Amino acid sequence: MEWVIGLEHLGMADVARVGGKNASLGEMIANLAGLGVSVPGGFATTADAFRAFLDHNGLTARIDAELRALDIEDVAALAATGARIRGAVEEAELPAGLNEAIIAAYAAMGTEPAVAVRSSATAEDLPDASFAGQQETYLNVRGIEAVLTSVKRVFASLYNDRAIAYRVHQGFAHHDVALSAGIQRMVRSDIGASGVMFTLDTESGFRDVVFITCAYGLGETVVQGEVNPDEFVVDKPNLAAGRPAVLKRELGGKAIKMIYAAAEGASVETVEVDAADRNRFSLSDAQVEELARMGVTIENHYGRPMDIEWGLDGDDGRLYILQARPETVESRADSATVERFNLDECGDVLAEGRAIGQRIGSGVAKVIEHASEMARVEPGDVLITDMTDPDWEPVMKRAAAIVTNRGGRTCHAAIIARELGIPAVVGCGDATAKLKDGAMVTVSCAQGDTGYVYAGQLRYSVQRGDVVDLPPLPTKVMMNVGNPGRAFQFSRIPNQGVGLARLEFIINNAIGIHPRALLEYERLDWELRSEIDLRIAGYADPVAFYVDKLVEGIATIAAGFRGKPVIVRMSDFKSNEYANLIGGAHFEPDEENPMIGFRGAGRYLSDEFRPCFELECRAIRRVREEMGFTEVEVMIPFVRTVEGARGVIEVLEANGLKRGEHGLRVIMMCEIPSNALLADEFLDHFDGFSIGSNDLTQLTLGLDRDSALVAHQFDERNGAVKALIGMAIKACRERGKYIGICGQGPSDFPDFAEWLLAQGIGSISLNPDTVVATWQRLAKVDA
């Protein structure tokens, strides 16, 4: 009998001997140590040892009989049966040979080292079934008696309620699954940090990024969703090229951490995190990139996307990989099919948090304060609770959606929601207090990174279609992408780049503060500074926050559409919109008609706003020159006069953005009649036009598109509007310059898109949901 084996002697060929987790640890120790992947050592008990343990105590037949008689849909019976089996296993004695082998192997690790005792099932961490969190892990186990007890408790956890149910749902026979206990040296993340890493985007399945979550202390708080962690997105191609690779940073609450227990008899305890630590990121960019490199190395070795747990040792400052398993949800999704949920009506927002699943669901809210109330959840209900753990899984599959107070995008509730194909909003903070039990709610995760819980049952629609090979057209079909949080998902739709990426979405949602309030932070009153301090936590200073957030948003879109043009329109808020930002009322004029007031190029050239525009220029330059996204192009909106065109080009050049340098193109929005009437003169200063049909239509027809009284007369297909568009297209074509359109018209009116094709437009930028249908219609016209 081979009772235990050192992890360094194991590999993926040993799954049947020591389970998926332990086999993977051995595989990495043996093959990846020389490539910079550090894995703590230890040993594993064998599957044969587990079976011998059951036989030695006469448990095999008893357990089989109990499980054969069990109806797992009966939650009470499941709990009672599981408890009886676990009790019997924990009270049983280890065979003498196993007992002695564990004592010897633990002694060989040193003088009573602190270890983690982890479960590793023989049907675990497989490409099509993760079994994540089904069995138990015990941390900071010290001393041989504690190790022997923990091994038996790990053995017993094969019969946790959720593990029994999961095996049935995944089609595994109970007697075919054995357990190995992994005894692994502890990483001192209790005084460092830890978290989870996926080598793809967990929401869209986008393969060119690494997604990392992190919090202080031992990793159980992140995995179980007890804490809202920091989040990072890392670009793989930039990582390989040695360029700055962190695309996104999101500061989490990190309210608590799990550390080694000070009290006698306990192994770990949970304590509050100091406010200063909560308000900074738990990893530096250098550590994030080092961790991501380990993740890519592991992914390359296994040849598939991976789900990885890691720890930062607070003693030696090194990063360690604690386990790695195949990612089993997005990597198995049908990449040939695109599914898009759309919320078709608005409602009152009751709660918001991290969006999981890019879907929408509705049902009766069931606010569950304790696991003992789980049976109240009926099929189709919305489960609302503080957090979930694997014990909740038998009832989670009944839910139409899940909402939690705590947790990040890699917590238990998030992982199970993805497996079940239902939306979840996690980390809301106060969902159980704000949502009423028994009320009808709609949960939307289809609006970007933020998920919303709305009052009532709102209408929504689902579009499904195959990603088809579309025929070439004489014009490019591009997309309007304002929300960086949806860039990776939208990149799966056939496209030839981004014809309009609006900075306003990033400023409004990721920043939320008027740029002058950040530039003049020291002059603000204490109350306003305090409000700003909450939003800029984790960043070097107020101005760095503004620039960094712009860089993150722009770079995320560029990464999603790498190798294709991404035309970024500089900010075009009107004064009333800027006034709605934090601090905005202090700096914005009160205009009668902001639509034709202080906006666009005229704003950039003003003494009041030029320093703010220069921050935008700084962000664009970093994205292009430091991060290497040279496909990013600049677009200037609302240029009233040729003199204004000349002036804004001079400001761009003064800020290091010169036309032609590093391939930079500067496009002008053609959205004022003067732009088309004096097209040649404007084109002396720009590399082309992008027609903004919304503003061009209202200014040509002299109507306010926001007024319900005249809205019915708004039509981009009006003869006067088309005459001006035709002039702009002709001028650009004659001078060999870019000509596209990014207004609403081609998305709304296929016949207008056909007319543009006939005029020789160079590109049509559409809303993502209209791309495929419009492309197919234009192909028929062209044919």
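Glutamine 358 sits in the loop that links β15 (349–356) to β16 (360–368); helices (H or I, at least four residues) and strands (E, at least two) are DSSP runs, numbered from the N terminus. The model is a predicted one, so local features need pLDDT of at least 70 and side-chain atom pairs count only at pLDDT 80 or more, while totals for chains, interfaces and linings use all residues. Residues are numbered from 1 along each chain as its sequence is written, and side-chain values use heavy atoms, with hydrogens and water left out.

The phi angle of glutamine 358 is near 50 degrees, a positive value in a residue other than glycine. Glutamine 358 is also buried, at 16% relative accessible area, where buried means under 20%, exposed over 50%, and partly exposed in between (1.4 Å probe, protein chains only). Histidine 662 has a positive phi too, near 55 degrees, and is likewise not a glycine. Histidine 662 belongs to the loop between α23 (642–654) and β27 (666–670), and with a relative accessible area of 55% it is exposed.

Next come the cores. A nonpolar core is a set of buried Ala, Val, Leu, Ile, Met, Phe, Trp, Tyr and Cys residues joined through side-chain atoms within 4.5 Å. The largest one has 143 residues, and Ile321 and Ile636 touch the most other members. Helix α19 (residues 542–560) is the top contributor to this core, giving eleven residues. Setting aside residues up to four places away in sequence, isoleucine 636 touches a list of partners including Met570, Tyr604, Phe613, Leu652 and Phe686; contact here means heavy atoms within 4.5 Å. There is also a second, separate core of 45 residues, with Ile72, Ile102, Ala156 and Val177 among them.

Methionine 28, in helix α1 (residues 15–32), is buried at 0% relative accessibility. Apart from neighbours within four places in sequence, methionine 28 is in contact with Ala33, Val39, Ile298, Tyr302, Ile321, Gln323 and Ala324. Lysine 574 is in the loop between β25 (566–569) and α20 (575–579), and is buried as well, with a relative accessible area of 10%. Lysine 574 and phenylalanine 598 are 24 residues apart in sequence, yet their C-alpha atoms are 6.6 Å apart in space. With neighbours within four places left out, lysine 574 is in contact with Pro594, Met595, Arg599 and Arg603.

As for helix packing, the axes of α27 (residues 719–734) and α29 (residues 750–759) come within 10 Å and cross at roughly 35 degrees. These axes are lines fitted to C-alpha atoms, for helices over the stretch in contact, and angles run from 0 to 180 degrees between N-to-C directions. On the α27 side the contact is made by Lys722, Ile725, Gly726, Ile729 and Arg733, and on the α29 side by Phe752, Trp755, Leu756 and Gln759. Those residues divide into five nonpolar, two polar and two charged (Ala, Val, Leu, Ile, Met, Phe, Trp, Tyr, Cys and Pro count as nonpolar, Asp, Glu, Lys and Arg as charged, and the others, Gly among them, as polar).

Finally, the cysteines. With a disulfide taken as a pair of cysteine sulfur atoms within 2.5 Å, the count is zero. Cysteine 411 is in no disulfide, as the nearest cysteine sulfur, that of cysteine 428, is 11 Å away. Cysteine 411 is buried, at 1% relative accessible area. The sulfur of cysteine 742 is too far for a bond, because the closest cysteine sulfur, in cysteine 670, is 10 Å away. Cysteine 742 also counts as buried, at 5% relative accessibility.
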